[in-house]
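Colleague: I would like a close look at a single part of this protein, with the cut-offs stated. Please take the sheet.

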Amino acid sequence: MDIVRVGVIGIGVMGSGHARHMAEVKEVKFTAVADVDPAKVKAAMDQYDVEGFASSTELIASGLCDAVLIATPHFFHPTIAIEAMRAGLHVYAEKPLAVNLSAADEMIRVARETGQLLQIGFNSRATPAVQAAKRIVEEGRLGEIYRTLLIDSRIRNQAYYDSATWRATWAGEGGGVLMNQAPHELDRLVMLTGRPSRVYGQVKTRRHRIEVEDEASAIIEYPNGATGYVFVSVNEAPVGNRLEILGEKGKLVMAERALQLWELPQAVQEWVDSTTQRGNALKGVEVPVEVPAYEGESHADMLANLARAIIHGEPLLCPPEEALGGLELADAMLMSGFTGKPVDIPVDRQAFDAFLAEKQAASQGKPARGA
Ligand SMILES: NC(=O)c1ccc[n+]([C@@H]2O[C@H](COP(=O)([O-])OP(=O)(O)OC[C@H]3O[C@@H](n4cnc5c(N)ncnc54)[C@H](O)[C@@H]3O)[C@@H](O)[C@H]2O)c1
């Protein structure tokens, strides 16, 4: 195979974005689209000269695709991905890979069983800044992790939440900022620092008429005893994000895709144990970090990576086993925040399924305007 035929399932905001960028990816050919909304199917067929289908099942069975790109609301990602992989197709599933960890586990199991490739749409992984941060950690330049900090500050208006019935409801989305906006940053935190072992979460709904959280925070514990602080929100402007990773040998800060790295002349524990200097005498030295300018488009680059993985065996930028880590953290924060109890990672799958089912059973959907 030297070109991968791709069908887009769910041609809303993100699916349309992928469709627009598809022409930039020389390794793929856009062949088909499916959506439960016939008007969206017709518009995409006219605009891109592709075949259209009223359901994912019809598109998967059409024989027109080697891979599907799933950009439906989150709860459909696992079921459609599993159906596609069982039919012999490769999959690009938008983030989050699933809402329930039990469903995510099943996606991973089916990917292994069928041998089909499954890429998860954490597109910032394709950017040079994130790749450079990953290299710094993998080269061991920070040493053992001592402390982390993540702040993900965003803003959404009520009109955004009102733009689709599934948004910000327990039944349609299974969470708020933790399920939709923050997963990119949670994925990056876990990719760079590993999975925490315990989460003390807090959730709030402060500025929107929605039933799920628009702000969440947590103190997280790592297996080595290190502590992390996480704050994510869609209530703040100016927007911005900041990730700090402090280790025994240095400190890495990533803010708005800019990287700063400090290295220590001596590892912290060694300095503590062996020196007699007073006060804050252990100083870090800032060292330059080369981050090439990014000329690409990250969604298109993620798709190109999947296509090259299919054609040449290039490693995936976001295999599902890796995307699972951020979902563990999101689900742990959600369950801990709403129950008021700490949650251990790996999250108890049955306990999370029961927690979410209870929330869904009590769901009122979105309160009416003015309520
Ligand atoms: N990677 C990113 O940066 C990014 C950005 C935005 C959205 N997303 C993800 O993309 C997904 C979609 O988000 P959106 O904002 O585009 O939502 P949207 O509501 O704009 O679009 C979803 C589309 O899916 C269709 N749909 C619903 N159920 C379907 C089904 N069973 N089969 C086929 N089509 C179905 C809807 O009719 C709609 O056209 C979400 O999971 C979201 O998290 C990712």
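In what order do the six strands of the open sheet lie, and is the pairing parallel or antiparallel?

Modeller: This is a predicted model, in which local features need pLDDT of at least 70, side-chain atom pairs count only at pLDDT 80 or more, and totals for chains, interfaces and linings use all residues. Residues are numbered from 1 along each chain as its sequence is written.

The order of the open sheet is E3-E2-E1-E4-E5-E6, and the pairing is parallel. Strands are DSSP runs of E with at least two residues, and helices are runs of H or I with at least four, both numbered from the N terminus. Two strands pair if DSSP finds at least two bridges between them. Strand E3 (51-53) and strand E6 (118-120) are the edge strands, each pairing on one side only. From one strand to the next, the twist averages 25°; axes are lines fitted to C-alpha atoms, for helices over the stretch in contact, and angles run from 0 to 180 degrees between N-to-C directions.

Within the sheet, strand E4 (residues 67-70) and strand E5 (residues 90-93) run parallel and are joined by four bridges. Alanine 67 has histidine 90 in E5 as its bridge partner.

Helix H10 (residues 298-312) lies across strand E1 (4-9), strand E2 (28-34), E4, E5 and E6. The helix runs at about 165° to E5. Contact here means that the C-beta atoms of two residues, placed from the backbone, lie within 7 Å.
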